Amino acid sequence: MPKTIIGPDLPNIPWEGKPEGYFGVMWRYSKNPVIPRNLIPTSNSIFNSAVVPYQGEFAGVFRCDDTRRYMQLHAGKSKNGIDWQIDPKRIHFIGDDPEVNAWEYGYDPRVCWVEDRYYVTWCNGYHGPTIGVAYTRDFESFYKMENALLPFNRNGVMFPRKIDGRFAMFSRPSDNGHTPFGDIFYSESPDMVFWGRHRHVMSPNGGWQATKIGAGPIPIETTEGWLMIYHGVLTSCNGFVYSAGAALLDLEKPWKVIYRTSPYIISPQALYELAGDVPNVVFPCAALTDAATGRIAVYYGAADTVTGLAFAQVDELIDFIKKNSRV
């Protein structure tokens, strides 16, 4: 059977089959939350975090809001992608420029392997929120680079390979607060320092994604296009509601949307998604994939408090996107 996912096999991907009688295209891990809010002594909450395969096991960068309620980034490792050991001390970035390396806050990281290293992007405090960038090879030492874009910006999500010879990234220009708007944009860089060739990708589209949208995990390369799982926000009479959908994008021009889900693929319905520091939030930030089986495991923040895990099959998800598309 031909493979749909373009990429390596991951035979030890965390996995649980779809529950009997469940009709959705994405389903939750039965033992969620996979990471509790208090896994380390200093954490008030652990959510909106990034996970990648690493040396036959798993590693990641985690948003750990501490008991002062300061937003911090911590490194962690796991043998199975389920049971995590997170460093109780936050990441201290290495860098020569004290202005760039100064730490104010960091949240909602993503991690992406490109060529020879893991790049970390996150919402970095620099006169307002912008896209911070660093790299690591061992999840022990992290080297700070220039911020990718000007404030105000969030949801910096890199591509796992260069596009036409250049590094590529999604972002979501915003404001300095709880932004009531937001489109996804695409940018390119020859060197991971200077970013340009900005292209518009998608706007809010009504319903669960009526207020704002933002890219989620690192895009998944498939034979049908780039599979982008993204979050969308509805403004209800009780505040924001964060759900997730998916889109297929052109492989060589990723700002060109081919299909896009009109319905969500997962929304806040479990108790740990409905109740927490910020109720009614499902916020995907990382996806593991196994090309051999088409399995996808998605890590997502739940109610800005804990981390959940959900699963999908790539062919079923792509079929759902095509059948339920409104670009």
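**Group meeting: contacts and rings in a predicted model**

Leaving out neighbours within four places in sequence, N176 is in contact with G128, P129, F152 and R154, where contact means heavy atoms within 4.5 Å. Before I go on, this is a predicted model, so local features need pLDDT of at least 70 and side-chain atom pairs count only at pLDDT 80 or more, while totals for chains, interfaces and linings use all residues. Residues are numbered from 1 along each chain as its sequence is written, and side-chain values use heavy atoms, without hydrogens and water.

Back to N176. This residue lies in the loop between β11 and β12; strands are DSSP runs of E with at least two residues, helices are runs of H or I with at least four, and both are numbered from the N terminus. N176 is exposed, with a relative accessible area of 51%. The cut-offs are under 20% for buried, over 50% for exposed, and partly exposed in between, with a 1.4 Å probe and protein chains only.

Now K212, in strand β14 (residues 212–215). The side chain of K212 does reach the backbone oxygen of T179, at 2.6 Å.

Next, the rings. The whole structure holds 23 aromatic pairs. Rings of Phe, Tyr and Trp (its six-membered ring) pair if their centres lie within 6.5 Å; planes under 30 degrees apart are stacked, over 60 edge-to-face, and the rest tilted.

One of the pairs is Y119 with F167, edge-to-face, at 5.9 Å centre to centre and 70° between the planes. Y119 lies in strand β7 (residues 117–125) and F167 in strand β11 (residues 167–173), so the pair ties together parts 48 residues apart in sequence. Y119 is buried at 6% relative accessible area, and F167 is buried at 8%.

F159 and Y186 are also edge-to-face, at 5.8 Å and 85°. F159 is in the loop between β10 (153–158) and β11, and Y186 is in strand β12 (residues 184–189), so this pair ties together parts 27 residues apart in sequence. Both F159 and Y186 are buried.

Last, ring pairs link Y54, F93, W103, W113, Y118, W122, F139 and F142 into a cluster.

Conventions. Polar contact = N/O pair within 3.5 Å; in protein donor to acceptor, adjacent residues only side chain to side chain.
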